[in-house]
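Here is a quick walk through one protein model, written for someone who would rather look than compute. Keep the structure open while you read.

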Amino acid sequence: MHKKNLIITILLIALFATFSCKDDVLPKPSSYLRLDYTEAKYVTFENQCSFSFEINSEALIKGQKDCGFTVSYPKMKATIYPHL
């Protein structure tokens, strides 16, 4: 009885091994991330502190207190926290 089960198990494994791989495995084609940004337009950011700089016109300045502020880009969902 055990010999019959062993033979059936070996035959089933041989069948699965033979018929399971039908297609050749191919690597995925390489792809590249495409980011489309509008052309940047810069404006000069000036304040009462001892510095000024150019900033993208689409950026928002928040929290100008004691020369500390954040630069926010709402379309990109990004924020820059400068360290003074």
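## The disulfide

A disulfide here is a pair of cysteine sulfur atoms within 2.5 Å. Keep in mind that this is a predicted model. By that rule the count comes to one disulfide, and the partners are Cys49 and Cys67, with an S to S distance of 1.7 Å. The torsion about their S-S bond is about -110°, so the disulfide is left-handed.

The pair ties together distant parts of the chain, 18 residues apart. Cys49 sits in the loop between β1 (42-46) and β2 (52-56), while Cys67 sits in the loop between β3 (60-65) and β4 (68-73). Are the two cysteines buried or partly exposed? Cys49 has a relative accessible area of 13%, and because buried means under 20%, Cys49 is buried. Cys67 comes in at 29% relative accessibility, so Cys67 counts as partly exposed.

## The nonpolar core

In soluble globular proteins, nonpolar side chains tend to be buried together. Which residues make up the largest nonpolar core here? There are five: Phe45, Ile55, Ala59, Phe69 and Val71.

Setting aside neighbours within four places in sequence, Phe69 is in contact with Phe45, Phe51, Phe53, Ile61, Lys62, Gly63, Gln64 and Pro82.

Ala78 belongs to strand β5 (residues 78-80). With a relative accessible area of 29%, Ala78 is partly exposed. Not counting residues up to four places away in sequence, Ala78 touches Val71, Ser72 and Tyr73. Ala78 and Ala59 are 19 residues apart in sequence, and their C-alpha atoms are 9.7 Å apart in space.

Now hop over to Gln48, in the loop between β1 and β2. Gln48 counts as exposed, at 71% relative accessibility. Gln48 and Arg34 are 14 residues apart along the chain, with 40 Å between their C-alpha atoms.

## The largest pocket

Rolling a probe the size of a water molecule over the atoms shows where empty space is left. The largest pocket in this model has a volume of about 260 Å³. It is lined by 13 residues, and the closest to its centre are Tyr37, Thr38, Asn56, Glu58 and Met76.

What is the lining of the largest pocket made of? Its residues split into five nonpolar, three polar and five charged.

Terms used: Residues are numbered from 1 along each chain as its sequence is written. This is a predicted model: local features need pLDDT of at least 70, side-chain atom pairs count only at pLDDT 80 or more; totals for chains, interfaces and linings use all residues. Side-chain values use heavy atoms; hydrogens and water are left out. On a 1 Å grid over the protein atoms alone, a cavity is a set of points where a 1.4 Å probe fits but cannot get out, and a pocket is an open set with protein on both sides within 12 Å along at least five of seven lines; lining residues have an atom within 4 Å of a point. Grid points are joined across faces, edges and corners, and a volume is the space filled by probe spheres set on the points. Ala, Val, Leu, Ile, Met, Phe, Trp, Tyr, Cys and Pro count as nonpolar, Asp, Glu, Lys and Arg as charged, and the others, Gly among them, as polar. A nonpolar core is a set of buried Ala, Val, Leu, Ile, Met, Phe, Trp, Tyr and Cys residues joined through side-chain atoms within 4.5 Å. Buried means under 20% relative accessible area, exposed over 50%, partly exposed in between (1.4 Å probe, protein chains only). Contact means heavy atoms within 4.5 Å. Helices (H or I, at least four residues) and strands (E, at least two) are DSSP runs, numbered from the N terminus.
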